[in-house]
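Please look over the sequence and the model shown here before reading on.

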Amino acid sequence: MEVFNEINTNKGLAIALGYFDGIHIGHKKIISTLVQQAKAKGIKSAIVTFEKNPADYFKDEPTPDIQTYKDKEMILESLGVDYLYELNFEKYKDLSAFQYIKDVLYNYLEPQMIIVGYNHTFGKDKSGNPSVLKDFASNFGYECVIVPELKYKDKEPVSSSIIRKRIQYGHLNAIKAFLGRYYSIRNSVIKGDKIARTLGYPTANLIWPNSLMKLPYGVYYGFAQVGVKMVPALISWGTKPTLTDGKSEILEAHLYDFNEDLYGKIIKVIFVKKVRDEQNFGNIRVLATQLRKDHDHFVAWARIMKPCE
């Protein structure tokens, strides 16, 4: 998949429009429709999106993303998309819906097909929607496909905003159902205080990016993806209140039966099951006792759990 940060001349594509934060199962329905239709027509497929959430330009607080741009790119590539356009919304936010279709989509891409979700909006003041795209289809020579709403088990609506709420409250099973995969974060391993190592449980330490939605503090079972390896991980996420003033967040992942040096490497930490909330145990002796219990239960889980993703 080729990634572009500027629009360019690349005509005759099938394109899908949207921000696709999280690439949940509803998004995947749009993307699979795009890829299938493009293959049927013998043309290339492209996603036209923005590098920042357009909603952030119209409010004071940014909306936390569900995954990093890198993860978004990797997922889109795995779904068979040929081109990804991640544009600067600032350049296009004042265009009317008609101007965006004519001066951007048609002028540069001249798409044979445009695919959107049922509730997609575009153009200044959200003046564009699927009906507008259909109205102009004959003028600009494209076929417009509108993908209807997808509901989980035909009951629950699926949207990025609902998934953010699920992440906020730590509903891991619902998150997995709506995303079609376990929730995860990706970042570089940094040096920690090595206290866990002295207690017999060395960890890979990561900063949870502020740009991403955060799970509640606690201890989790999951996996760490190190290159192509998927290693069971006992994950502690929070502020380490027993050992610190509780003002700084850190994610610590103890990898099962793993001894490689990970400092500076980028790994993905995947959350499968929450074990308990974060607690202040008062002193390191009580903490060490709890860590032994956590580790013993984790090892039993790791021995029977198959790697995910």
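Leaving aside its neighbours within four places in sequence, which residues is His120 in contact with? With contact meaning heavy atoms within 4.5 Å, His120 meets Leu17, Gly18, Gly128, Asn129 and Pro130 once neighbours within four places in sequence are left aside. This is a predicted model, in which local features need pLDDT of at least 70 and side-chain atom pairs count only at pLDDT 80 or more, while totals for chains, interfaces and linings use all residues. Residues are numbered from 1 along each chain as its sequence is written, and side-chain values use heavy atoms, with hydrogens and water left out.

**Overall architecture**

- The secondary structure comes to eight helices and 14 strands, where helices (H or I, at least four residues) and strands (E, at least two) are DSSP runs numbered from the N terminus.
- The C-alpha trace spans about 75 × 40 × 40 Å along its principal axes, and 49% of the 309 residues count as buried, a term that stands for under 20% relative accessible area, with exposed meaning over 50% and partly exposed in between (1.4 Å probe, protein chains only).
- Among contacts between residues at least 6 apart in sequence, 75% join residues at least 24 apart.

**Strand β3 and its partners**

- Six of the six residues of strand β3 (residues 45-50) are buried; Ser45, Ile47 and Thr49 point one way from the strand, whereas Ala46, Val48 and Phe50 point the other way.
- Strand β2 (residues 14-17) pairs with β3 in the parallel sense over four bridges, pairing being assigned if DSSP finds at least two bridges between two strands, and Ala16 stands opposite Ile47 in β3.
- From β2 the chain crosses through helix α1 (residues 25-41) to β3 in a right-handed β-α-β crossover, right-handed being the case in which, with the strands pointing away from the viewer, the path from the first strand over the helix to the second runs clockwise.
- On to strand β4 (residues 83-87), β3 is joined by five bridges and the two run parallel, with Thr49 opposite Glu86 in β4; the chain crosses from β3 to β4 through helix α2 (residues 69-78), and this β-α-β crossover is also right-handed.

**Two buried histidines**

- His120 is placed in the loop between β5 (113-117) and α4 (130-140), and its relative accessibility of 16% is why His120 counts as buried.
- His295, in helix α8 (residues 284-304), is buried as well, because its relative accessible area is 17%.
- Not counting residues up to four places away in sequence, His295 touches Tyr201, Leu234 and His254.
- The side chains of His295 and His254 make a polar contact at 3.4 Å, that is, a pair of N or O atoms within 3.5 Å, of which, within protein, one must be able to donate a hydrogen and the other to accept it, and for which residues adjacent in sequence count only if both atoms are side-chain atoms.

**Aromatic rings and charges**

- A search of the whole structure finds 23 aromatic pairs, meaning rings of Phe, Tyr and Trp (its six-membered ring) with centres within 6.5 Å, whose planes count as stacked under 30 degrees apart, edge-to-face over 60 and tilted for the rest.
- The rings of Tyr220 and Phe271 have centres 5.2 Å apart and planes at 80 degrees, so they form an edge-to-face pair; Tyr220 in strand β11 (residues 218-226) and Phe271 in strand β14 (residues 266-277) are 51 residues apart, and both are buried.
- One aromatic cluster is formed by Phe50, Tyr57, Phe58, Phe89, Tyr92, Tyr100 and Phe122.
- Lys52 lies over the face of Tyr57, at 5.2 Å from the ring centre, and the charged end of Lys72 sits over the ring of Tyr19, 4.0 Å from its centre; such a placement requires NZ of Lys or CZ of Arg within 6 Å of the ring centre and within 35 degrees of the ring normal.
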